[in-house]
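This is a close look at one part of a protein model, followed by a walk through its surroundings. Have the picture open as you read.

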Amino acid sequence: MKIIDSWRIGKKYGEVQALDDLTFSVNESEIFGFIGPDGAGKTTLFRIITTLLLPDEGKMRVLGVDVVRGFKELRRKTGYMPGRFSLYNDLTVQENLEFYATVFGTTVKENYDLIADIYSHIEPFRKRLAGKLSGGMKQKLALSCALIHKPSLLVLDEPTTGIDAVSRSEFWDLLGKLRKHRITVVVSTPYMDEAMRCDRVALIQNGKILSVDEPDKIRQGFSRKLFTIRSADKYSLITAVRKYPGTLTAYPFGETVHITFSGDLYDDSLFRYLEGMGIKDAVISEAEAGIEDRFLELMEKGATA
Amino acid sequence: MKRFLAFVKKEFLHIFRDIRTLIIIFGIPVAQILIFGFVVRTDIKNAGVAIMDLSQDDVSRKLTDKIISSGFFLNTGYLSNYTEIETEFRKGNTRAVLIFGKDFGRNLTREGKAVMSIIADGSDPNAATLITNYTMAIVRDFNIDIAGPALSGSGVIVPEVKMFYNPNLQSHFTFVPGVITLILILICALMTSVTISREKEFGTMEVLLVSPLRPVQIILGKVTPYFLLSFINVILILLLSWIVFDLPVKGSLVLLLAETMLYILMSLSLGILISTISDTMQQAIFISFLGLMLPTIILSGFIFPIENMHQVYNLVSMIVPPRYFIVIIKNIMIKGTGLMFVWKETLILLLMTIFFISVSIRKFRLRLE
């Protein structure tokens, strides 16, 4: 059985098409990521999955149940962590957890093994008010609260936004451990590097899915030869290479610029051109495409199509 | 049930951890009662009184002496003309003018009856009531004095009270029912609407909706703590007004508390209704103040008598629930009447409550839109 089966889901806010013809499915026990920029429609989609919004078009079954008609049943089986951590800031860590446990008809004790890995990090602060926790700790508490009733499906809306890099990495380690409890995770993130930690990802932009696959396969889908070029003056470099006639695309990427050429080739004329622009220290080498490169390529195609 | 109790416990924690909420719930009522208690003194001392004696006879002079020497009053001057009364009040020192008409003494002996007038400055209704009451008590005393030796032979002085500026003279007792009416609608409606919209604003409503909690459980869970606290509040106000003002409940206490519960329920359901149409706390506060506080103060008859209102306002006040509760509570507390006299108002409140509850449960959104 598919955990989520979405067929041509569409959603409009007035004139704005927030979601457009989304068809995808999520398998059991996988970590399924939605990657896309702000405003791509991730939150809207997650609210439809969690029965908080009704789709305008299409059908969706979650855990075999229709999201519109079976919302009561689904609300017992899914765990949801909204973009803003939905914690009560004036309750302590322990009170938050116990409240959510009781509301979902269970106790902290009953499912403690499920959250032990996560909760053990914040347990020393259980008497502290949730509002006084750091971002990373809030996120772990919110995750514990969303997990406490042992949901079959866990929906996490941008759980790592605004969290420091160490906590982010730790958080993904914890998500990985949920596989052994056979909990399916649907997660969204604006960070490309996190896409690699999902089993499968969907690239989403302007309410449309551009591609769904394993992250490695998406990466390999990059259709051209990719080069990386670096110089001390990155800003001048990128404006210069974008003007070079042989350049197809040039995007800044960390300290370097990722660049593709028509015919996947470049020659000495590039260096002469750059020298003419005052850049003498340019170094170029072949590079392996990352998921972000593929995403940018797909976006470019979507924009010209 | 367990879920519901956990929810109620959470609400109590919210209330007890937020000092502002506590101040609104318990601080404001106590402060209001005590401020009123301070301002409204139940004894007078050296209240300014001007005398206008047009008769200048033996009896009028004796009575004047008795009044002035009582210690409660201070003579601020003698007037000789009715036109001087207003100027005298404007000066600010005089709280009342005692008028003995022409032939005061002669009327008393010839006709066995003489009329004296007490004109009090009604802009301070509490002082005015006290001054006239004290004066009348002294006149009664004086009547017994002159009647004593001559037995029923001589005559009676009839004091006639008139008010300047505020002819209706609202009794200071009416503020207690008014404060209860205002406080209850403030706490119940404002606080419930704010606490529900707070869940929306902080995003916790999303998770509550996704949880197996039913809308009825969420609504009742929000309402129960405020219902209990408001009820404690009413008892607190009644106790305070009894201790500070010596104002007991004249009618049935059980009936009063039952009516109060109905009114609390009405206010709570109104609060939930407000929360269903507001997405932020700001909005909820704004609607509560504009939609509830102002009408309660202005249109309920708390301050301005409904009979004196323009017809349009009178019609508008028909849909202001506190209007009915003020009638009920005044009747029970001050007049001591029973359900027989307030059943109409009770029925209206009951219908309003049912209306608000059914609308708010229907309007409570199971989803985010």
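The request comes first, and the answer starts with one helix and then widens out.

Q: Please look closely at helix 7 of chain B. Which residues of helix 7 of chain B meet helix 9 of chain B? At what angle do the axes of helix 7 of chain B and helix 10 of chain B cross? Then show me some other places in the model.

A: First, the ground rules. This is a predicted model, where local features need pLDDT of at least 70, side-chain atom pairs count only at pLDDT 80 or more, and totals for chains, interfaces and linings use all residues. Residues are numbered from 1 along each chain as its sequence is written, with chains lettered from A and ligands numbered from 1 in written order.

Start with helix 7 of chain B, which covers residues 175-201. Helices are DSSP runs (H or I, at least four residues), as are strands (E, at least two), both numbered from the N terminus.

One partner is helix 9 of chain B, residues 215-245. The two axes come within 10 Å and cross at roughly 160°. An axis is a line fitted to C-alpha atoms, for helices over the stretch in contact, and the angle runs from 0 to 180 degrees between N-to-C directions.

Now the residues. On the side of helix 7 of chain B, the meeting residues are V176(B), V179(B), I180(B), I183(B), L184(B), I187(B), C188(B), M191(B), T192(B), T195(B) and I196(B). Helix 9 of chain B answers with K222(B), V223(B), Y226(B), S230(B), N233(B), V234(B), I237(B) and S241(B). Contact means that two C-beta atoms, placed from the backbone, lie within 7 Å. By class, this contact of helix 7 with helix 9 of chain B holds 13 nonpolar, five polar and one charged residues. (Nonpolar covers Ala, Val, Leu, Ile, Met, Phe, Trp, Tyr, Cys and Pro; charged covers Asp, Glu, Lys and Arg; polar covers the others, Gly among them.)

Another partner is helix 10 of chain B, residues 253-277. The axes of helix 7 and helix 10 of chain B come within 7 Å and cross at roughly 35°. From helix 7 of chain B, the residues in this contact are L184(B), I185(B), C188(B), A189(B), L190(B), M191(B), T192(B), S193(B), I196(B) and S197(B). From helix 10 of chain B come Y263(B), I264(B), S267(B), L268(B), L270(B), G271(B), I272(B), I274(B) and S275(B). By class, the contact of helix 7 with helix 10 of chain B has 13 nonpolar residues, six polar and no charged.

Step back to chain B as a whole. Its domain assignment gives domain 1 (2-39 + 172-363) and domain 2 (47-164). Such bounds come from an automatic or database assignment. The C-alpha centres of these two domains of chain B lie 45 Å apart.

Now pick out I99(B). It sits in strand 3 of chain B, residues 96-100. I99(B) is buried, because 22 other C-beta atoms lie within 10 Å. The cut-offs are 20 or more other C-beta atoms within 10 Å for buried, 12 or fewer for exposed, and partly exposed in between. Leaving out residues up to four places away in sequence, I99(B) touches M52(B), M116(B), S117(B) and I119(B). L54(B) is 45 residues from I99(B) in sequence, yet 7.6 Å away in space, C-alpha to C-alpha.

Next, cross to chain A. In all, 21 residues of chain A are in contact with 21 residues of chain B. On chain A, helix 2 (71-77), strand 6 (78-81) and helix 3 (93-103) each supply at least two residues of the touching side. Helix 3 of chain A gives the most, with four. The touching side of chain A divides into ten nonpolar, five polar and six charged residues.

Chain A has eleven helices and 14 strands. Its C-alpha atoms fill a box of roughly 70 × 45 × 35 Å along the principal axes. Of its 305 residues, 43% are buried. Among its contacts with a separation of 6 or more, 70% join residues 24 or more positions apart. Chain A splits into domain 1 (4-215) and domain 2 (226-288). Their centres, taken over C-alpha atoms, are separated by 40 Å.

Two residues of chain A close the tour. V201(A) lies in strand 9, residues 200-205. V201(A) is buried, with 29 other C-beta atoms within 10 Å. Not counting residues up to four places away in sequence, V201(A) touches G33(A), I35(A), A195(A), P215(A) and I218(A). K59(A) is 142 residues from V201(A) along the chain, and their C-alpha atoms are separated by 21 Å.

D281(A) is in the loop between helix 10 (268-276) and strand 14 (283-287) of chain A. D281(A) counts as exposed, with 11 C-beta neighbours inside 10 Å. Leaving aside neighbours within four places in sequence, D281(A) is in contact with S231(A) and A232(A). L147(A) is 134 residues from D281(A) in sequence and 53 Å away in space, C-alpha to C-alpha.
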